[in-house]
Amino acid sequence: MKIKKLLLAAATTALISTASFQTSAETAAHLVTTAPYNKLYALLKPNAPAIKTLVDGTVDQISYGKLVTFARKLEAKLANSRVTITLPDGTAVFDGGKKDDPGNTLKQGNSYKHYQEKTITENLNTRLSNLDPQEHTDGLGAETRLSSVTKKKEAFVGIRLGAHLNNSGTARISVKP
């Protein structure tokens with residue numbers, strides 16, 4: 001009898017987890033069609049392949065600099081926006097809220113050395129808009145929350161850079177609504 005109860009409990013938990021997973025994925029896909037997420041999605045989606053290529057090609061400060069230049073140009077296309085790029089495990093590759101530091105003079109900043117030493121910023125997989133693209137098959141995440149960088153309410157959209165379970169990370173853009 002105990003075994004039957006344990007199996008029933010395990011099956012129920014798995015069913016609930018699967019239902020929650022599907023609901024979250026559908027919610028992100030729906031959110032990117034509504035304001036303010038739709039503007040972020042429209043800007044990020046066509047640039048995701050180029051970002052993936054730049055991340056995959058980052059092997060030194062010169063190639064890292066090309067990624068930074070691309071991300072800063074993307075930020076310039078939308079007022080009050082900020083781009084972050086992470087590996088699938090949440091390690092920051094670039095954070096638009098941090099200063100560019102090619103000379104590695106700061107404790108935290110955007111440089112190849114900071115990227116290698118994981119000192120650009122903290123791990124970002126605690127952010128739904130960063131984690132959801134990795135977890136869900138549609139590769140999308142969206143949320144509105146208080147930014148840890150600007151200390152203001154911001155809308156975030158994240159897009160996975162590649163295939164589910166075999167990708168280069170997540171590109172995310174935020175804007176103060």
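Residues are numbered from 1 along each chain as its sequence is written. The model being predicted, local features need pLDDT of at least 70, side-chain atom pairs count only at pLDDT 80 or more, and totals for chains, interfaces and linings use all residues, while side-chain values use heavy atoms, with hydrogens and water left out.

An open sheet is formed by 5 strands in the order β2-β1-β5-β4-β3, with antiparallel pairing; two strands pair if DSSP finds at least two bridges between them. From one strand to the next, the twist averages 15°. Antiparallel strands β3 and β4 are joined by 7 bridges, and Arg 145 has Glu 154 in β4 as its bridge partner. Helix α2 packs on the sheet, where it touches β3, β4 and β5 (166-175), and its direction makes about 35° with that of β4. Contact means heavy atoms within 4.5 Å; axes are lines fitted to C-alpha atoms, for helices over the stretch in contact, and angles run from 0 to 180 degrees between N-to-C directions. Helix α6 (residues 128-135) also packs on the sheet, touching β1, β3, β4 and β5, with its direction at about 165° to that of β3.

Strand β1 (residues 81-86) and strand β2 (residues 92-95) run antiparallel and are joined by 3 bridges. Thr 84 has Asp 95 in β2 as its bridge partner. The hairpin of these strands has 5 residues between them, and Gly 90 there takes a positive phi near 95°. Asn 80, in the loop between α4 and β1, has a positive phi of about 60° although it is not a glycine. With a relative accessible area of 51%, Asn 80 is exposed (buried means under 20% relative accessible area, exposed over 50%, partly exposed in between, with a 1.4 Å probe and protein chains only). Lys 151, in the loop between β3 and β4 (153-163), likewise is not a glycine and has a positive phi of about 60°; its relative accessible area of 58% makes Lys 151 exposed.

The axes of helix α3 (residues 48-56) and helix α4 (residues 61-76) come within 9 Å and cross at roughly 155°. The two helices are therefore roughly antiparallel (angles under 35 degrees count as roughly parallel, over 145 as roughly antiparallel, 65 to 115 as roughly perpendicular and the rest as oblique). In their contact, Ala 50, Ile 51, Leu 54 and Val 55 of α3 meet Lys 66, Leu 67, Phe 70 and Leu 74 of α4.

Ala 142, in strand β3 (residues 140-146), counts as buried at 11% relative accessibility. Beyond neighbours within four places in sequence, the contacts of Ala 142 include Ala 28, Leu 31 and Phe 156. His 114, in helix α5 (residues 112-117), is also buried, at 5% relative accessibility. Not counting residues up to four places away in sequence, His 114 touches residues including Asp 101, Asn 104 and Ile 120.

Technical notes:
Helices (H or I, at least four residues) and strands (E, at least two) are DSSP runs, numbered from the N terminus.
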